[in-house]
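Please look at the sequence and the model below. The paragraphs that follow lead through the pocket, the cores, the charged pairs and the cavity, in that order.

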Amino acid sequence: MLAAPSATAHTLPGMLPVAGSFWSDHRNVITAAVTVVAAFVLAQLVDRAVARRASRLTAVVGADLSPVASTRLRLVRRLLYATIVVLGVALALAQFAAVKRVATGVLASSAVLGLVVGFAARQTLANAVAGVLLAITQPIRIGDLVTFEEATGSVEDIRLTYTYIRTEDGTRVIVPNERLAQSTVQNHTIADPRVRVEVSVWIPPDADIVRAMGALRADGGVDVEVAEIERDAVRIAVATWAERPSDRRAIAAGLRASCLERLRTEGLSSGAGA
């Protein structure tokens with residue numbers, strides 16, 4: 001007695017043409033998707049490899065990367081990442097015949113397209129070029145204490161198009177790189193990592209200024225000078241140094257409290273400000 005034919009034997013031959021038809025109909029889409037995914041994976045691997053290499057060098061040297069090296073390393077990592085992703089997307093789009101035809105027409109009229117794209121993306125391109133120049137010339141570095149248009153804070157990050165500055169009150173100021181490259185920026189720590197901390201003490205004009213300045217100098221390690229004379233008050237500047245920009249606010253607060261306490265002990269009324 002003959003056995004009944006297996007269901008698998010009928011199913012597999014029918015599935016192969018379906019699979020082949022699906023592949024032929026969607027081959028470009030699948031290849032493009034795989035290319036994009038591969039580009040992102042490769043970009044992540046390269047970025048991590050560069051970061052690990054920097055970590056090994058830091059361990060060998062036995063010290064953290066300098067602000068100069070840290071700033072340039074971040075730029076290199078982002079440029080590599082962006083380049084790999086852009087190339088991957090370009091290869092993915094090249095899988096489609098329609099895109100190829102458009103690209104051929106674009107190349108034929110590249111001069112016109114260059115003018116159009118350049119005009120449309122002028123601001124973005126200017127910020128990107130300025131970001132590269134900032135990373136190379138380094139008028140500011142990551143960790144520097146800078147003042148830009150009345151905003152003072154530490155440089156948190158320098159990206160291709162924007163620079164992030166963290167102020168003392170925790171506010172983040174985001175500045176386009178083109179404006180940084182074209183404007184004057186005060187860098188308080190580029191020559192000396194220490195930061196000068198200065199507070200103002202106001203006393204009445206008829207107070208004993210010599211005794212007040214002697215009381216303020218009692219702590220030692222501070223510079224005291226008469227900074228300003230007004231009709232109703234005299235401003236005395238008291239200054240010292242902070243080893244790190246992050247200590248500036250705490251040292252200024254402690255210095256104000258110390259100045260007020262010493263003047264009150266001497267019987268001199270005063271006010272203290274930044």
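**Pocket, cores and charged pairs**

Twenty (20) residues line the largest pocket, and E168, R196, V197, E198 and R248 are those nearest its centre. A pocket here is an open set of points on a 1 Å grid over the protein atoms alone, with protein on both sides within 12 Å along at least five of seven lines; lining residues have an atom within 4 Å of a point. The model is predicted, so local features need pLDDT of at least 70 and side-chain atom pairs count only at pLDDT 80 or more, while totals for chains, interfaces and linings use all residues. Residues are numbered from 1 along each chain as its sequence is written, and side-chain values use heavy atoms, with hydrogens and water left out.

The volume of the largest pocket is about 400 Å³, a volume being the space filled by probe spheres set on grid points joined across faces, edges and corners. Two or more lining residues come from each of β1 (145–148), β6, β8 and α8. Helices (H or I, at least four residues) and strands (E, at least two) are DSSP runs, numbered from the N terminus. With 6 residues, β6 gives the most to this lining. By class, the pocket lining has 9 charged, 7 nonpolar and 4 polar residues; Ala, Val, Leu, Ile, Met, Phe, Trp, Tyr, Cys and Pro count as nonpolar, Asp, Glu, Lys and Arg as charged, and the others, Gly among them, as polar.

The largest nonpolar core has 19 residues, and V201, I203, L216, V224, I236, V238 and L263 touch the most other members. At least two core residues come from each of β6 (195–203), α7 (209–216), β8 (234–242) and α8 (248–265). Another core, of 10 residues, lies apart from it and includes L134, V146, F148 and V155. Such a core is a set of buried Ala, Val, Leu, Ile, Met, Phe, Trp, Tyr and Cys residues joined through side-chain atoms within 4.5 Å. Buried means under 20% relative accessible area, exposed over 50%, and partly exposed in between (1.4 Å probe, protein chains only).

The whole structure contains 12 salt bridges, each a side-chain nitrogen of Lys or Arg within 4 Å of a carboxyl oxygen of Asp or Glu. One joins D47 to R77, at 2.9 Å from N to O. This pair links helix α1 (residues 7–61), which holds D47, to helix α2 (residues 67–93), which holds R77, across 30 residues of the chain. D47 is buried at 16% relative accessibility, whereas R77 is partly exposed at 27%.

E149 and R179 form another salt bridge, their closest N and O atoms being 2.5 Å apart. E149 sits in the loop between β1 and β2 (151–158), and R179 in helix α6 (residues 177–182), 30 residues away. R179 has a relative accessible area of 37% and is partly exposed.

In a further salt bridge, E156 meets R166 at 3.1 Å, N to O. Here strand β2 supplies E156 and strand β3 (residues 162–167) supplies R166, 10 residues apart. E156 is partly exposed at 28%, as is R166 at 32%. Salt bridges with shared partners also join R74, R78, D157 and R159 into one network.

Which residues line the largest cavity? They are T71, R74, L75, R78, A135, I158, R159 and L160. A cavity is a set of grid points where a 1.4 Å probe fits but cannot get out. The volume of the largest cavity is about 40 Å³, and α2 gives the largest share of its lining, 4 residues.
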